[in-house]
Amino acid sequence: MVDDERLVLAAFVSGLSRAGFDVLVASSAYEGIRLAVEAKPALALLDVRMEGRSGLDVAKVLKRETRVPFMFLASTGDDDAERQAADFGAIGHLLKPIDMRLAI
């Protein structure tokens with residue numbers, strides 16, 4: 001999971017860990033790219049908007065250098081999230097904030 005918001009990361013890690021998933025966490029696009037290339041996770045969750053490089057930048061690298069499938073995380077008012085997810089080859093997108101009790 002790549003997101004520059006600590007509270008979002010903490011909520012996802014908590015919920016996904018309780019559901020039995022191992023979660024790798026990156027708080028920047030650069031760290032997310034490194035983790036994905038090295039660890040080749042089953043799925044990457046990418047925040048669309050981050051400071052510096054965005055989740056869209058991470059997706060470009062993942063498509064070019066790995067076979068890691070990815071989904072985008074977007075803020076609830078981000079009308080372009082669905083279109084961007086499809087354009088970049090994402091397997092889907094989730095809108096934040098997410099109630100982890102409903103997501104798992």
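Leu9 (L9) lies in helix α1, which spans residues 6–18; helices here are DSSP runs of H or I with at least four residues, strands are E runs of at least two, and both are numbered from the N terminus. The model is predicted, with local features requiring pLDDT of at least 70 and side-chain atom pairs counted only at pLDDT 80 or more, whereas totals for chains, interfaces and linings use all residues. Residues are numbered from 1 along each chain as its sequence is written, and side-chain values use heavy atoms, with hydrogens and water left out.

L9 is buried, at a relative accessible area of 7%; buried denotes under 20% relative accessible area, exposed over 50% and partly exposed the range in between, computed with a 1.4 Å probe on protein chains only. When residues up to four places away in sequence are not counted, L9 touches M1, D3, V25, A26 and S27, a contact being defined by heavy atoms within 4.5 Å. For S27, 18 residues from L9 along the chain, the C-alpha separation from L9 is 8.1 Å.

The protein chain contains five helices and three strands, arranged along the sequence as α-α-β-α-β-α-β-α. Of its 104 residues, 41% are buried. Among contacts in the chain with a separation of 6 or more, 51% join residues 24 or more positions apart.

Two packed helices are described by the angle between their axes and the distance between the axes. Helix α2 (residues 29–39) packs against helix α3 (residues 55–65) at about 20°, with the axes 10 Å apart. Axes are lines fitted to C-alpha atoms, for helices over the stretch in contact, and angles run from 0 to 180 degrees between N-to-C directions. The contact involves A29, I33, A36 and V37 of α2 together with V58, V61, L62 and E65 of α3. By class, seven of these residues are nonpolar, none is polar and one is charged (nonpolar: Ala, Val, Leu, Ile, Met, Phe, Trp, Tyr, Cys and Pro; charged: Asp, Glu, Lys and Arg; polar: the others, Gly among them).

One aromatic pair is present in the structure. The ring centres of F70 and F72 are 5.6 Å apart and the ring planes lie at 65°, so the pair is edge-to-face. Rings of Phe, Tyr and Trp (its six-membered ring) pair if their centres lie within 6.5 Å, with planes under 30 degrees apart counted as stacked, over 60 as edge-to-face and the rest as tilted. F70 is buried at 3% relative accessibility, and F72 is buried at 0%.
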